[in-house]
Amino acid sequence: MVDRNGWGRDRPAPTGAPHSPPASFVEQANVSDADVYAAFEDDWPDCWERAAALLSWDEAYDTVLEDDDAPFYRWFPGGKLNASYNCVDRHLESGRKTHAAIRWEGKQGERETYTYRDLYVAVNEFAAALRDLGVEADDVVTIYLPMIPELPIAMLACARIGAPHSVVFAGLSADALATRMNSADSEYLITCDGYYRRGDAFNQKSKADNACLALEHDVRTVVVDRLGDELPHVLGDDEWEYHALREAFAGETVAPVSRDAEDMLFLMYTSGTTGDPKGVVHTTGGYLAHVAWTSHAVLDVKPEDTYWCAADIGWITGHSYIVYGPLSLGTTTVMYEGTPDYPDRDRLWEIVDRNAVDIFYTAPTAIRAFMKWGPEYPERYDLSSLRLLGTVGEPISPRPWNWYREHIGGGECPIVDTWWQTETGAVTISTLPGVDDMKPGAAGPGLPGIDVQVVDETGKEVDPGEAGYLTIARPWPGMARTLYDGDERYRTEYWTRFSDPDADEWRYFSGDTACIDEDGYVTVLGRVDDVIDVSGRRLSTMEIESAITDVDGVVEAAVVGRSDGRTGTDIYAYVSTDGNRDATDGVRTAIVDNVETTIGPIATPTEIVFTPELPKTRSGKIMRRLLADIANDEELGDTSALRNPEIVGEIQTESGDR
Ligand code: WT7
């Protein structure tokens with residue numbers, strides 16, 4: 001094993017046997033011409049006009065890209081448009097007012113359908129109400145709502161009047177909400193009395209109240225009554241009830257405010273590895289064009305489809321692919337409030353069957369859970385309406401990829417493994433399902449027009465199959481424009497490490513490590529902060545994890561480094577297996593064998609700890625930091641972001657017993 005670049009390897013990451021998309025899919029695909037890559041290349045950056053052409057503009061832009069002040073790029077400058085007009089009004093004008101825009105599936109089995117006309121009425125009335133409360137263009141409105149229809153309605157109402165929204169995931173704490181509102185100087189809050197958690201009423205308003213108490217400025221609050229008599233609440237001064245406002249402004253309309261393409265559409269906070277959360281700024285023109293284009297080209301969304309992205313709107317995935325992407329294309333977007341296992345583990349498949357969902361997009365962590373529960377749950381339903389599947393959020397190894405295709409996709413559906421980030425705004429790496437073969441375990445090439453490069457420490461591109469830093473060498477329309485708390489932090493976090501400002505050469509650094517194979521397919525290895533140094537070699541934790549999860553019976557694995565007290569690091573693996581299997585020595589041996597054959601003995605875990613579940617954040621990411629604390633017998637850091645805090649004690653006991 002040659003160690004040229006420090007990752008202890010110089011060969012392609014293991015991927016499963018490739019699959020071609022079925023001819024029946026290609027025939028109907030929105031994009032099926034392989035020339036699209038060359039067409040974008042030959043005509044860059046004007047190629048991005050194809051994305052802009054999916055939108056309705058009030059005024060044409062002067063030019064596609066302005067790069068005088070890199071890395072502060074401007075897309076479609078001079079253009080004017082309104083996002084709420086693009087997502088709502090124009091579909092009424094095209095004769096589709098009775099078409100379903102949102103199909104909402106509530107936690108208690110409630111169902112609501114909003115046609116584009118219904119959505120238009122709701123967005124207008126609420127926009128009128130917000131204006132009356134004093135919201136003006138450029139005021140940041142914070143939205144702290146669970147997955148109820150009022151959430152996208154509030155977002156679109158803000159967009160209509162030119163007020164950027166900042167959606168804070170409903171499961172975050174009062175402190176987290178206060179930090180975000182303070183950082184954005186946000187004087188308006190839209191929240192609710194509470195919501196159901198596994199059938200119990202849970203008080204959201206008290207969290208919002210605590211956050212507001214911690215703020216230095218006054219806040220005007222709108223409260224959605226989600227729970228009615230189940231959770232009575234009293235409105236204080238500067239508080240209004242959503243439904244009462246809707247009634248007070250019944251029938252009112254508000255002309256959509258024409259926004260500059262570069263005006264902020266929203267802020268989305270994402271946690272940095274250190275310090276305060278980063279307020280990522282997305283703009284109206286470039287963002288909307290990029291999400292519309294990728295919904296069209298990657299997710300193959302058509303207006304007549306029923307499309308379901310099973311994410312939460314509180315994260316970027318939901319912003320881009322539950323709200324702005326699908327609605328800008330005039331399709332029907334399914335919005336699901338609940339969890340996949342309540343009331344039973346077949347809940348998602350019942351929804352797919354009943355709504356005849358065409359496209360389903362979820363995260364690998366969910367797919368691994370489906371795999372663990374077993375195929376009997378999807379087998380209860382008719383899933384033949386599905387045409388395309390997608391995944392996002394983490395690398396997916398070949399085994400769950402193949403399981404997804406087999407048991408959810410009927411062995412037929414293409415799968416798009418989409419790599420992107422809060423900062424990229426929209427998908428940047430993926431196969432085009434109507435054009436490219438799929439390789440399980442590799443996301444795919446950079447999309448047309450996206451110049452993805454893997455480089456070494458010096459910023460030089462590495463050879464195919466070698467690991468390095470995942471960068472993007474050209475700007476793209478959906479990219480974040482800056483961080484709300486400052487241009488300088490934006491420049492340092494993303495544009496310093498591999499750029500050469502003196503030569504005016506700019507390269508975006510994603511924070512991920514990856515390798516690219518001979519065909520240009522990218523396999524993401526992990527975050528730079530997920531690298532462990534073992535005997536002077538840098539090993540990617542995700543690469544070891546992938547070798548572990550490929551073992552039959554293993555569902556999930558997390559790998560962390562444990563300092564051996566001298567100079568070295570030992571590898572500790574935390575592993576959960578499927579229900580039918582005990583953590584037998586058979587699995588243990590198979591794990592060791594597979595790690596040794598796919599990576600090498602250098603990567604063999606010193607300890608393998610079996611646990612029923614791994615500790616996860618509310619957005620579903622494994623909390624490796626916590627496992628590292630446990631492995632190193634250190635005091636546990638902050639666990640407030642955990643979805644399953646009860647598992648921590650179990651893992652500690654399990655580790656102690658070993
Ligand atoms: C990080 C971004 C983009 C929406 C969800 C997460 C990881 C994302 C993939 C993928 C491997 C992936 C990366 C990235 N990631 N998609 N298909 N394969 N890794 O948004 O919270 O901003 O996280 O998620 O590490 O940097 P986010």
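Colleague: How many salt bridges does the structure hold?
Modeller: This is a predicted model, so local features need pLDDT of at least 70 and side-chain atom pairs count only at pLDDT 80 or more, while totals for chains, interfaces and linings use all residues. Residues are numbered from 1 along each chain as its sequence is written, and side-chain values use heavy atoms, with hydrogens and water left out. A salt bridge here is a side-chain nitrogen of Lys or Arg within 4 Å of a carboxyl oxygen of Asp or Glu. By that rule, the number of salt bridges in the structure is 34.

Colleague: Which residue forms a salt bridge with Arg-387?
Modeller: Arg-387 sits in the loop between helix H14 (376-379) and E19, and its partner, 87 residues apart, lies in the loop between H10 and E16. Helices (H or I, at least four residues) and strands (E, at least two) are DSSP runs, numbered from the N terminus. Both residues of the pair are buried, meaning under 20% relative accessible area, with exposed over 50% and partly exposed in between (1.4 Å probe, protein chains only). The closest N and O atoms are 3.2 Å apart, and the partner is Asp-300.

Colleague: Which residues are linked with Asp-300 and Arg-387 in a network of salt bridges?
Modeller: Side chains of opposite charge can pair when their charged atoms come close. Besides Asp-300 and Arg-387, the network includes Lys-302, Asp-305 and Asp-358.

Colleague: How far apart in sequence are the parts that Glu-545 and Arg-624 tie together?
Modeller: These two form a salt bridge with closest N and O atoms 2.8 Å apart. Glu-545 is buried at a relative accessible area of 7%, and Arg-624 counts as buried at 13%. Glu-545 belongs to helix H17 (residues 541-549) and Arg-624 to helix H19 (residues 624-631), so the parts tied together are separated in sequence by 79 residues.

Colleague: Which strands are the edge strands of the open sheet?
Modeller: Seven strands form this sheet, in the order E5-E4-E17-E16-E18-E19-E20, with mixed pairing. Two strands pair if DSSP finds at least two bridges between them. An edge strand pairs on one side only, and here these are strand E5 (111-115) and strand E20 (415-418).

Colleague: How are H10 and H11 oriented to each other, roughly parallel or roughly perpendicular?
Modeller: Helix H10 (residues 285-297) and H11 pack at about 85 degrees, with axes 8 Å apart. Axes are lines fitted to C-alpha atoms, for helices over the stretch in contact (heavy atoms within 4.5 Å), and angles run from 0 to 180 degrees between N-to-C directions. Under 35 degrees counts as roughly parallel, over 145 as roughly antiparallel, 65 to 115 as roughly perpendicular and the rest as oblique. The two helices are therefore roughly perpendicular.

Colleague: How many of the 11 residues of helix H6 are buried?
Modeller: Helix H6 covers residues 150-160. Its buried residues include Glu-150, Leu-151, Cys-158 and Arg-160. H6 is largely enclosed by the rest of the structure, because the buried count is 11 of the 11.
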